[in-house]
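Here's a quick tour of one protein model.

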Amino acid sequence: MTISINRPLPRHIAKIQADMEQRARSEGLDFFETIFEYVDYEELSMFAAYTGFPIRYPHWRFGAQYDELMKGYSYGLQKIYEMVINTDPCYAYLLNTNDIGDQKLVIAHVYGHCDFFKNNAWFAPTNRKMLDQMANHASRINRYIDRHGHEPVEEFIDACLSLEDLIDPHLPHVKRHDDPSPVESSFESKSTVKEDDDERSGGRFPSKGYMDQFINPPDVLKKQAEAKRKEQLDREVARSFPDRPERDVLLFLLQHAQLAPWQHDILSIIRDEAYYFAPQGQTKIMNEGWASYWHSTIMTTYGLNDSEIVDYADHHSGTMAMSPQRLNPYKIGIELFRDIEARWNKGQFGSDWDSCDDMREKEHWNKNTGLGRDKIFEVRKVHNDVTFIDTFLTPEFCQKNKMFMFAYNEANDYYEIASREFYKVKQQLLDSLTNHGRPAIRVVDGNYRNRGELFLVHQYQGMPLKLAEARDTLTSLCKLWGRPVHIETTFDDKPTILSFDGKNHDLKTATAA
């Protein structure tokens, strides 16, 4: 599926874009070259349905998303002003029906996003040539459709997409495995274990030669080697794997599931794309807040003339409006960046500030340190949404922005304010952001009951799984694994195991399983 758009910006828009780029760089923003495409709403909706990329593999979900976007626009329910993708160079799409004031706002907002993409640590491992990679993915899947038929390939893609959240979002930043290459099946016994390898990997500390017998006592090393050898032999007898719980379920399936070569390749494509998009979910509040901060700063300082002020204020306030039903990442992000800047400009940080318990003194605290701008650039570089909120959300900020914790009241069948206590509000916000608000699931045994069945564990943190969605996930896992699958979770404060054998779903308490 391809969209071909390559037309120059109108001269007056190109002049605005050049001016906004100069203003953004003068404020300290650092971004890749940014290429703007000038499109109508139908074309922009196509790009949005394809998550910003002009070439994607064929699948019904893209058509469904396009239809939803076009109907929302036709009925006056929604409007996309712009879109930008994380590549080098960055590509951004401008809606040709925007007025001049909106085009200025959008271009300034885009440069904020591009700076964030380039400099935030959570985006650093992403593929900056994903435009070419997406085209390669589309070509490969089209080839499989030609060979195996549209329906089998689409059904397999459906199953993979239903599992695309079962990745380890921190994997690009940490080393989980000694060998990043796919490991051999654990059913292939590894019978030779060398004592030298045990000693090198099992508890030996670096030391000078004359101190070695004291720092690394031979009898202790020998016991450790024997214990490790026994542990490996026990695993081989039990034929259980992986060695430790595996958060990246898609990687585990790639390494151990009995898939045809074309299925293996499609699953690897879905996993690659899931990891590419993961940082956007991890930094939604920061990314939108940063872009909004800079479009606000640039527009109110340089970008507006007298005739554009009212329209700008109307559109900006509409974007920043908070709803009682949901969190607005634009509003929370921009206000928290402004709060950090103000606090560091006034010196409202450090041990003196934290130890002060005089509210009147804190209210008028101003040491004129002038470190705010430097601080927000530092924050933009190293944090994601969870660490951003955990580090910089304060009781004063919650009170100022009227934040509260909500809960469901069974008596009146309605969600209502449950608490305005800071720590409860903060905890609920962090819970909703951790792992994008999705459940954390790990593979613990690929040979459950010594039958080749798959056993997973849900990391229960007070929020139970949605039963219907959990069963759909088990169905997709069973399709890929080819054997019954089980997941241990908690329902009604009781350990519970959900199972699917390919035909029937089952639910049992863990003790009776």
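pLDDT is the predictor's confidence in each residue, from 0 to 100. This is a predicted model, where local features need pLDDT of at least 70 and side-chain atom pairs count only at pLDDT 80 or more, while totals for chains, interfaces and linings use all residues. Residues are numbered from 1 along each chain as its sequence is written, and side-chain values use heavy atoms, leaving out hydrogens and water.

**Confidence**
- The average pLDDT for the protein is 86, and 88% of the residues score at least 70.
- Over residues 179-201 the pLDDT stays under 50. For that stretch, the model has 25 contacts (heavy atoms within 4.5 Å) beyond four places in sequence.

**A pair of helices**
- Helices (DSSP runs of H or I, at least four residues) and strands (E, at least two) are numbered from the N terminus.
- Helix α4 (residues 100-119) and helix α12 (residues 284-303) have axes, lines fitted to C-alpha atoms over the stretch in contact, with angles from 0 to 180 degrees between N-to-C directions, that come within 8 Å and cross at roughly 135°.
- The residues making this contact include G101 and L105 of α4, plus W290 and H295 of α12.

**Around Y91**
- You'll find Y91 in strand β3 (residues 90-95).
- Leaving aside residues up to four places away in sequence, Y91 touches I35, E37, M83, V84, I85 and L131.
- Y91 and V110 sit 19 residues apart along the chain, and their C-alpha atoms are separated by 9.5 Å.

**Cysteines**
- Searching the whole structure turns up zero disulfides (pairs of cysteine sulfur atoms within 2.5 Å).
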